[in-house]
Amino acid sequence: MAEWLYEAGIGENRAALVSRGVIWKARIELEGSAPRHGAVLNARLVDKSTGKVAFEGGEALCDPLPQGITQGGTLRVRIVREAIPEPGRAKLPKAVPAGVDAVPGEGPDLLARISATEVPVRMLRAHESDLLEEAGWSEVLEEAVTGEIGFPGGALRLSPTPAMTLFDVDGGGPLEPLAVAAAHAVARAIERHGIAGSIGVDFPTLANKAARQAVAEAIDAALPQPFERTTVNGFGFLQIVRRRTRPSLPELLRADPVGAQARAELRRIERLPRRRRLPIWWTGESPTGWRSGPNGPPSWRGASAARRRSSPPRSRHWPSVTAARFAANQPNPDSSPFAAAAARIATCCNGWAKAIVFLASLSIRDNKAGWTARGTPTKRPAPGHAGPCPGSSVGRACD
């Protein structure tokens, strides 16, 4: 039976649609990632030539603009696409005029969206069994970060770009069966990672028109509507277009790799036995050097940790030690994949990432490594390889 697994974490909320022990959809919602899709906001037109509007907490591009509005005028807008992170800059949210009758609101969050489906939702707690990890959550995150997605007989390489998300198909053996199997794997990956917008797939070159048609039909059978696609051309390229309302999982994780690794580590540490002493930053105590400034911790760190402890944060001085010196005092990173991951984070961020290194010193004795660790992973079936979702077409993922 399919069900949504939902977890309210520190810094992010997570949800996964799981059926037959396999994750069919994985979604992450960052804390404070407003405005959300569907939000209705009171705004002011700041640039009529581009349609840029400003509202409390941000800006968006509104198209079309109401007739007769002048620069500086007020209007009510509805967000139809959230901000999209890109290297160097982020695409502003897209908005349309909402009309005076629309009621201002923040738009549905992740929990509200999955609750609106007909699939039951199970709420997860840190002290319970880690059902997300048992279904392959770490493997899905690894797919999103590295872009390496395996399937029987071949592999996909996922590459998000500002123009489109690209899939490259590699594998051996006869090309036609490889291309058909890749089409099913691409459809599952699109659904699993929430990929939308313009999508390009580079299949092996197929000289036979019937073989190219079989690949297109495999996409139609495995990918839920609505979407539009082209035919597979003579060079093996096919393009898919899906309505885009928010960033995909790979875009979220790759936009801030340090933050993504830290949040994944916080999730693992939240499940450590209570008998283990936790570092002072985890218990809600605020190191003096991190109280303010550009290198301070994200706002969700202290509040969320204190909320889980049911006690107010306390203040304590933190030794003036650089991340590099602290990492040098830890055991050999080669013998501790987890400490190595923390050291890599510390080299990328000179502020609150010091806490991750300190965290590693207390947790390297734990046998369970986070998804950031590099080593021999636990063998699990690749996501989406457990067969079609019950009650759906052949190869189609759960809706």
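In what order do the four strands of the open sheet run? In this predicted model, the order of that open sheet is E3-E2-E1-E11, and the pairing along it is mixed. Strand E3, covering 22–30, and strand E11, covering 121–123, stand at the edges with a single partner strand each, so one side of each has no neighbour in the sheet. From one strand to the next, the twist averages 20°.

Staying with this sheet for a moment, strand E1 (residues 3–8) pairs with strand E2 (residues 12–19) in the antiparallel sense over six bridges, and within that pairing Glu 7 of the sheet stands opposite Arg 14 in E2. Helix H3, residues 137–146, packs on the sheet, where it touches E2 and E3, and the direction of H3 makes about 70° with that of E3.

Let me turn to the barrel, which is closed, consists of five strands in the order E4-E5-E6-E10-E7, and again has mixed pairing. Here neighbouring strands are turned against each other by 55° on average, with direction ignored. One of the pairings joins strand E7 (residues 74–81) to strand E10 (residues 94–97), in the antiparallel sense and over four bridges, and there the bridge partner of Val 77 is Pro 97 in E10.

Key: Residues numbered from 1 in each chain as written. Predicted model: local features only at pLDDT ≥ 70, side-chain atom pairs only at ≥ 80, totals over all residues. Heavy atoms only, no water. Pairing = 2+ DSSP bridges. Helix = DSSP H or I, 4+ residues; strand = E, 2+ residues; numbered from the N terminus. Axes fitted to C-alpha atoms, helices over the stretch in contact; angles between N-to-C directions. Contact = heavy atoms within 4.5 Å.
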